[in-house]
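Biologist: I would like to learn how to read a structural model with some care, feature by feature. Could we begin with how exposure is judged, and then go through the rest?

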Amino acid sequence: MTIVCRILPVLLATVLLSACGETKDVLPEIEQEVKQEVETVLEEVEPTPEPTQTPEEAKTMASTASNATKDAPQVTDPSTWNDAGKTIMEALEKQYAPYGMTLQAKEGTPYFLAVNRDANVVTVYTADEDGRYTVPFMAMVCSGGMDTPLGYYATPVDYDWRLLMGPSYGQYATRIFDSYLFHSVPYYSQHKDDIEYDEYNLLGTSASLGCIRLEVVDVKWIYDNCPLGTPVLIYADAENPGPMGKPGTIYTDPADTEKRGWDPTDPDPANPWDDAFETGTTIRSQAAWDQWEEQHESWQSSLTPTDLQGWSTDSSVVGTRG
């Protein structure tokens, strides 16, 4: 029907011209016009296939969507990440200048950790061509709290396990300042199968006593890849989670006695969760995915023992908050 409606006016013009005895000179032109119109309509009937996603886009969407079994991810267009990251970080640099914040990259310190307390997202930045931390590398879902302090800091110490309030315990803890740390969701005891699973299901919301809780895969990444002295900014922007968006979250079923005690992203071979959850819900740039492919197999050699019982070796700070 579409083809008929489109070509009918041209055919009608041909008939009228024929009646007027004027087809001799214009008929070839009309035939060509009819041919072009048919070709155009056929192209519309068989549209050109959509372009295939780039590997970066495909990996980003697959990882954040397949494991987001509680909250869906909010991933922004990867082509906008760098420009958005530069805009956000330069604005924050001005806002937090009184705290001493600078984007100038420090030698031997490849990353800058920007914690959006109100959106519950940690965005990791690397240096751009000018040596300034403006390039988004990865985004992690987290949980802060109302007592999480805003400001600009540098990490002073880290721990494979850390005693928290409760008492409870956190894996792969990195201190931000004072009694505030990056750490895993708290565990009831210093065992990897004893996580506070109800608290795990609160990731992505304001749930902590002030620390920044993360999935094990993410807090271990900080522990392994961010040397002491890494700059950390804690700021508040509920409307804009960050240049890469907000990762999804994974649901732990409280009735599942086999899995509920484990963080789904813990790379320990004893973890009963499927390996598909090893990457967590982190939104990664292509550079971050390349790093993952290169490094994650070697993580096995740096894992804490599955049933570690021990104590914190840092007695200088009392009353760590979870």
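Modeller: A residue is called buried under 20% relative accessible area, exposed over 50%, and partly exposed in between. Please keep in mind that this is a predicted model. Asp224 has a relative accessible area of 33%, and therefore it counts as partly exposed.

Biologist: What share of the 322 residues of the chain counts as buried?

Modeller: Of the 322 residues, 48% count as buried. The accessible surface of the chain comes to about 15400 Å², and 53% of that surface belongs to carbon and sulfur atoms. As for secondary structure, the chain has seven helices and twelve strands.

Biologist: How should I read a salt bridge, and which residue does Asp224 meet in one?

Modeller: Side chains of opposite charge can pair when their charged atoms come close. The cut-off here is a side-chain nitrogen of Lys or Arg within 4 Å of a carboxyl oxygen of Asp or Glu. The side chain of Asp224 meets that of Lys220 in such a bridge, with 2.6 Å from N to O.

Biologist: Why might two residues with different numbers in a helix be placed to pair?

Modeller: An α-helix has 3.6 residues a turn, so residues three or four places apart point the same way. Asp224 and Lys220 are four residues apart in helix H6, which spans residues 216-225, so about one helical turn separates them. Whereas Asp224 is partly exposed, Lys220 is buried, because its relative accessibility is 0%.

Biologist: How many of the ten residues of H6 are buried?

Modeller: Eight of the ten are buried, so H6 is largely enclosed by the rest of the structure.

Biologist: How many salt bridges does the structure hold, and what can you say of others?

Modeller: The structure holds six salt bridges. One of them joins Asp71 to Lys70, where the closest N and O atoms are 3.2 Å apart; Asp71 counts as partly exposed at 33% relative accessibility, and Lys70 counts as partly exposed at 33% as well. In another, the side chains of Asp118 and Arg117 meet at 3.1 Å, N to O, and here Asp118 is partly exposed at 36%, while Arg117 is buried at 16%.

Biologist: Which residues gather in a patch of negative charge on the surface?

Modeller: A patch is built from residues with over 30% relative accessible area and no salt bridge, and like charges are joined within 9 Å. In this model Asp290, Glu293, Glu294 and Glu297 gather in a surface patch of negative charge. Glu297 lies in the segment after helix H7 (286-295), and it counts as exposed because its relative accessibility is 57%.

Definitions and conventions. Residues are numbered from 1 along each chain as its sequence is written. This is a predicted model: local features need pLDDT of at least 70, side-chain atom pairs count only at pLDDT 80 or more; totals for chains, interfaces and linings use all residues. Side-chain values use heavy atoms; hydrogens and water are left out. Patches are made of residues with over 30% relative accessible area and no salt bridge: like charges are joined within 9 Å, nonpolar side chains (Val, Leu, Ile, Met, Phe, Trp, Tyr) within 5 Å. Accessible areas come from the Shrake-Rupley method with a 1.4 Å probe; for residues, only the protein chains shown count as cover. Lys and Arg count as positive and Asp and Glu as negative; His and the chain ends are not counted. The place of a charge is taken as NZ of Lys, CZ of Arg, CG of Asp or CD of Glu. Helices (H or I, at least four residues) and strands (E, at least two) are DSSP runs, numbered from the N terminus. Buried means under 20% relative accessible area, exposed over 50%, partly exposed in between (1.4 Å probe, protein chains only).
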